[in-house]
Amino acid sequence: MHTDRTVRSTCPYCGVGCQILLNIKNERIIRIDAPFDAAPNYGRLCVKGRFGADYVHHPDRLTTPLIRKTRQKPGQRTAARYPDDWREATWEEALDFAASELARIRQTCGPDAITSNACAKATNEDNYLHQKLMRAVIGTNNVDHCARLCHAGSVTGLQLAIGSSAMSNSIAEMKDLECFIVTGSNTTETHPVISTFLKQAVRKNGAKLIVIDPRQTEMTRFATLWLRHKPGTDTALFNAMAHVIVKEKLYNPDFIQSRTEGFSEYIESLEEKTPEWAEAITGVPADDIRRAARMYAQAGRAAIYWGMGISQSTHGTDNTLTLANLALLTGHVGKPGTGLNPLRGQNNVQGCSDSGGLPNVFTAYQPVTDPAVRAKFEQAWFAGHPDLHLPDTPGLTVTEMVDGILTGKVKGWWVMGENPLMSEPNLRHAQEAVEHLEFFVAQDIFFNESNVYADVILPAASFAEKDGTFTNSDRRVQRVRKAINPPGLARADWEIICDLARRLEQKQGRPVSAGWDYRHPSEIWEEMRRLTPAFAGIDYDRLEREGGVHWPCPSFDHPGTPYLFADQFPRGRGRFHAVEYGTQSELPDNEYPFILSTGRVLYHWHGGTLTRPSALNDIWPECTVELHPHDAARLGLKTGDWVDVSSRRGKITVRLLVTGRSPEGTVFIPFHFAEAAANILTDNRIDARAKIPDYKVCGVKIERAAAPPDRPGADIPLEERGAIKDVAAG
Ligand code: SF4
């Protein structure tokens, strides 16, 4: 079909960062394809990238600022219904209200009584300004985002081991891999285009793939070896692999001697961690552990890729440390085709962290506790006002924000583009917290389960309606381009933030700090670039010419860094860590005998805010629970039966999928469906260091439901529900 124009941009879904072409006709996106000559996807797209952006034109988009008609009281806050409980407002009125309330809380309770969620779906420029507002205008480091809920275990573990938490090697290296481990990642469904390169390495180059996962993902069909360990026993397995590597002297002595520290103490800790010891814990045959260890260690080059199955755990930091130990033992890091590679989830979760959307760091992980770093940002943001200073103590994480509201420490919350009441664990706990807020301002493109509790909603532009940059999982900064206008009065996040910042400063009677008068996101990037050595060589002109650049890129004549740590680690030497097996997770018992693991399906995205209002919802329209055939037979259940799944925190009713994909004793529920939200069941205990909750292990029970739930589609047989029938058919 003829199009009016084609605009190159970046996919708004996952961290692969596929380049897309938005074909526009009559101011609507009518087709999405991919340029064949552009990294990282070279013409490849998954179903979400190709067909999932129709949400942009959905009639439910927020198009005007909204203010609650009735003032909400802490402890009595309720979900608003549209349109009854809202009134439309002008931008001036809505921003003025938001600024007045935030300024009032700051004045009466102090800056740390306000917290915010930055947004891993928004651009780097949006997030840079978000954290700048929190730090420079409010005066708190209470800014965090959903990275806390997906890869905080990876971030903390990698920071301890090597001093850097980003994916070390590039997507471009994947098709030429020699040997690689995929663990805790259902790559074909969560990072589909990356999975095509990984499968290409196996099929075309004969690469050896070791899958380590309790769940039978599609990647297991391509694996030389699949270790199906019991959920939550990761550290025992990785420690036993390290034991084999040490005992059989398969380690790399030169690398250990020149690039690492703590080796002697570490190998002492491995003495008892034999494959037989691990077999008793993990259920994986000892000989398979030996084979995996030899395969990985003896390869000329070998890489490790992992997902939320490793990080979303009360011991996510330990899981990551034991993986890092393997790479440090073998020297499989700092070279092409190797590395420690956490596959990042959201399209810009890497960039949101890079842009300072974290409670302890400014851009590119410059610590808020470092006086020299603070002085640099103060000079840039408070030029001419030497009396103004930035806060020097790390702020609250998103999990701590929820508890902070309940203890009365936190009064006001600004949520930009996130949906905590779908993504937080133990949703009842999170909901109780939201109900106790004094003031809640939300900024989003749709109503969602969280912002219906807000006092004011600021309507934002989607990815297709604004300019900026996203940074993908392999640290490649890429352009996002405005292809169409936002609907109604919706505005780009960066514009909203600038107006809010100016008003806040006026309300507080403070001088207007530097900035807030940008004319284009390129000017925001320019400010960030000047303050961030890792981005110093990247500007919009270069991104136009080259398509994307991997940070760190310290100067304009630097080529960018597709793989990290060629010469040294950011912490100097890589540090081995002794890790003892143990868990703080809620394990199954007589009352709740199954382990619940949560995750994604190919056709949906996280809380479903974008994919439920998309054609993708027709392909996978409802929540299901996977149950192993042996367990189903014991319970007298079959595919399509309605079942109640309960934990100590709540109950949901869903249809059953009997499949061997999950092991006996473990059930799997995707977390995209508000009407059966998996996080009603999950537990809010966290990894003590990373503060990440455990979304992969908690105890649940399954019982036949008394009746189907009263919701649309419940009367349609499961076999007629889109692609679900393919899984139901095995
Ligand atoms: Fe988009 Fe990820 Fe699919 Fe690529 S793999 S098209 S980035 S969702």
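Is Tyr128 buried or exposed? Tyr128 counts as buried, because its relative accessibility is 0% and buried means under 20%. The views below come from a predicted model.

**View 1**
Tyr128 sits in helix α3, which covers residues 124-138. Its relative accessibility is 0%. His630 lies elsewhere: the C-alpha atoms of Tyr128 and His630 are 51 Å apart. In sequence, 502 residues separate Tyr128 and His630.

**View 2. The Arg81–Asp84 salt bridge.**
Arg81 pairs with Asp84 in a salt bridge. The closest N and O atoms are 4.0 Å apart. Arg81 is exposed, because its relative accessibility is 52% and the exposed class is over 50%. Asp84 is partly exposed, at 45% relative accessible area. This pair belongs to a set of 55 salt bridges found in a search of the whole structure.

**View 3. Asp96 and Arg503, a bridge between two helices.**
The side chains of Asp96 and Arg503 form a salt bridge, at 3.7 Å from N to O. Asp96 belongs to helix α2 (residues 91-109), and Arg503 to helix α20 (residues 493-508). The pair links distant parts of the chain, 407 residues apart. Asp96 is partly exposed, with 31% relative accessibility. Arg503 has a relative accessible area of 18% and is therefore buried, since the cut-off for buried is under 20%.

**View 4. Glu261 and Arg575, a bridge between two strands.**
A salt bridge joins the side chains of Glu261 and Arg575, at 3.6 Å from N to O. Glu261 lies in strand β11 (residues 260-261) and Arg575 in strand β20 (residues 574-575), so the pair ties together parts 314 residues apart in sequence. Glu261 is partly exposed, at 27% relative accessible area. Arg575 is also partly exposed. Its relative accessibility is 26%.

**View 5. A salt-bridge network.**
Shared partners join several salt bridges into one network. The members are Arg71, Arg77, Glu101, Arg104, Glu438 and Asp455.

**View 6. The largest pocket.**
The largest pocket holds about 810 Å³ of space. It is lined by 35 residues. Closest to its centre are Gln159, Gly163, Ser164, Ser165 and Tyr365. Two elements, α4 (147-150) and α5 (152-161), each give two or more residues to the lining. Helix α5 gives the most, with four residues. By type, the lining has 20 nonpolar, eleven polar and four charged residues.

**View 7. The second largest pocket.**
About 590 Å³ of space lies in the second largest pocket. Its lining counts 28 residues. Glu189, Glu218, Arg221, Arg661 and Val727 are the closest to the centre. The elements α6 (187-190), α7 (192-205) and α25 (724-728) each give two or more residues to this lining. The largest share comes from α7, with five residues. Ten lining residues are nonpolar, ten are polar and eight are charged.

Technical notes
Residues are numbered from 1 along each chain as its sequence is written. This is a predicted model: local features need pLDDT of at least 70, side-chain atom pairs count only at pLDDT 80 or more; totals for chains, interfaces and linings use all residues. Side-chain values use heavy atoms; hydrogens and water are left out. Buried means under 20% relative accessible area, exposed over 50%, partly exposed in between (1.4 Å probe, protein chains only). On a 1 Å grid over the protein atoms alone, a cavity is a set of points where a 1.4 Å probe fits but cannot get out, and a pocket is an open set with protein on both sides within 12 Å along at least five of seven lines; lining residues have an atom within 4 Å of a point. Grid points are joined across faces, edges and corners, and a volume is the space filled by probe spheres set on the points. Ala, Val, Leu, Ile, Met, Phe, Trp, Tyr, Cys and Pro count as nonpolar, Asp, Glu, Lys and Arg as charged, and the others, Gly among them, as polar.
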